[in-house]
Amino acid sequence: MSLDALKSAIPDHARDLRRNLDSVFDGSRLTAQQLWGTLLVTAIASRSPIVLRELALEAQANLSPEAYRAARSTAATMALNNVFFRTRHLLSDQEYGRLRSGLRMNLLADPGVGRTDHELWCLAVSAVNACGACLDSHEQALRGAGVDRETVQEAFRIASLIQAVAVTLDAEAVLAEPAE
């Protein structure tokens, strides 16, 4: 199970995805921890068993145990936050924004990795889950910490790519099943 297996599973009609996966590793602006954490959190957020299975072991091999756990915790917390804050943001009644969420989010106090890595991972998951409120919040936190736009874009570029690979491979798996 590996990134190579994932790339080889991409059909020829989607070969640009394969090329884009290669480009993620050729000159990425992200540190190795940021890169592998972003790959892991977006694989989790994609909800694709195929993609997660292929990336998780390699991510685990490239991350410290603490960073691997932190990435998984980030993905779980953002799954909760993205639905809650996206819904609150989309409702026309702005009074919901003044109410206490009532959700536990202890991870935010100590994410287990540096704040920049955590914020990049939160942004990437928010891109997959299309939460505009969370995207704005995490982008502002990153920019406030001095992270340049190119690095921020790298995180959501990877998120879009992993999501596209997940959609493509899951569709191919269904299409390969015999019709009943």
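# Close-up views of a predicted helical model

**Figure 1. Ile158 counts as buried, because its relative accessibility is 1%, under the 20% limit for a buried residue.** The model shown here and in the other views is predicted. Ile158 belongs to helix H8. When neighbours within four places in sequence are set aside, the residues in contact with Ile158 are Val24, Leu30, Leu35, Thr38, Leu39 and Thr42.

**Figure 2. Helix H3 is largely enclosed by the rest of the structure, since 12 of its 15 residues are buried.** From first C-alpha to last, the 15 residues of H3 reach 21 Å, close to the 21 Å expected at 1.5 Å a residue. The buried residues of H3 include Gln34, Leu35, Trp36, Gly37 and Thr38. Further along the helix, Leu39, Leu40, Val41, Thr42, Ala43, Ala45 and Ser46 are buried as well. What do the buried residues of H3 pack against? They pack against helices H2, H4, H5, H6 and H8.

**Figure 3. Thr42 is a buried residue of H3.** The helix that holds Thr42 is H3, and Thr42 counts as buried because its relative accessible area is 0%. Beyond its neighbours within four places in sequence, Thr42 is in contact with Ala124, Val128, Ile158, Ala159 and Ile162. Two of these partners, Ile158 and Ile162, are also shown in other views.

**Figure 4. The largest nonpolar core has 47 residues, and Val51, Trp121, Ile162 and Val165 touch the most other members.** The elements that give two or more residues to this core are helices H1 (3-9), H2 (15-25), H3 (32-46), H4 (49-62), H5 (65-90), H6 (115-128), H7 (132-144) and H8 (149-176). Which helix gives the largest share of the core? That share comes from H8, with 9 residues. Ile162 illustrates the packing: apart from residues up to four places away in sequence, it touches Leu21, Leu39, Thr42, Ala43, Val51 and Leu55. As a general background, nonpolar side chains in soluble globular proteins tend to be buried together.

**Figure 5. Helix H5 has 26 residues and reaches 37 Å from its first C-alpha to its last.** This span is close to the 38 Å expected at 1.5 Å a residue. The buried residues of H5 are Ala67, Tyr68, Ala70, Ala71, Thr74, Ala75, Thr77, Met78, Asn81, Asn82 and Arg88. These buried residues pack against H3, H4, H6 and H7.

**Figure 6. Asn82 lies in helix H5 and has a relative accessibility of 0%.** Asn82 therefore counts as buried. Which residues does Asn82 touch, not counting residues up to four places away in sequence? They are Val125, Ser126, Asn129, Cys131 and Cys134.

**Figure 7. The largest pocket has a volume of about 250 Å³.** The pocket is lined by 14 residues, and those closest to its centre are Phe85, Arg88, Ala133, Cys134 and Ser137. Helices H5 and H7 each supply at least two residues of the lining. H5 gives the most, with 5 residues. Sorted by class, the lining of the pocket contains 6 nonpolar, 6 polar and 2 charged residues. Arg88, one of the residues closest to the centre of the pocket, is listed among the buried residues of H5.

**Figure 8. Arg47 has a positive phi of about 65° although it is not a glycine.** Is Arg47 buried or exposed? Arg47 is exposed, because its relative accessible area is 63%, over the 50% limit for an exposed residue.

**Figure 9. Ala130 has a positive phi, near 55°, in a residue other than glycine.** Where is Ala130 found? Its place is the loop between H6 and H7. Ala130 counts as exposed because its relative accessibility is 52%.

How values were computed: Residues numbered from 1 in each chain as written. Predicted model: local features only at pLDDT ≥ 70, side-chain atom pairs only at ≥ 80, totals over all residues. Heavy atoms only, no water. Core = buried A, V, L, I, M, F, W, Y, C linked by side-chain atoms within 4.5 Å. Buried < 20%, exposed > 50% of the residue type's maximum accessible area, 1.4 Å probe, protein only. Helix = DSSP H or I, 4+ residues; strand = E, 2+ residues; numbered from the N terminus. Contact = heavy atoms within 4.5 Å. 1 Å grid on protein atoms, 1.4 Å probe; cavity = no way out; pocket = protein on both sides within 12 Å on 5 of 7 lines; lining within 4 Å. Points joined across faces, edges and corners; volume = space filled by probe spheres on them. Nonpolar A, V, L, I, M, F, W, Y, C, P; charged D, E, K, R; others polar. Expected span 1.5 Å × (residues − 1).
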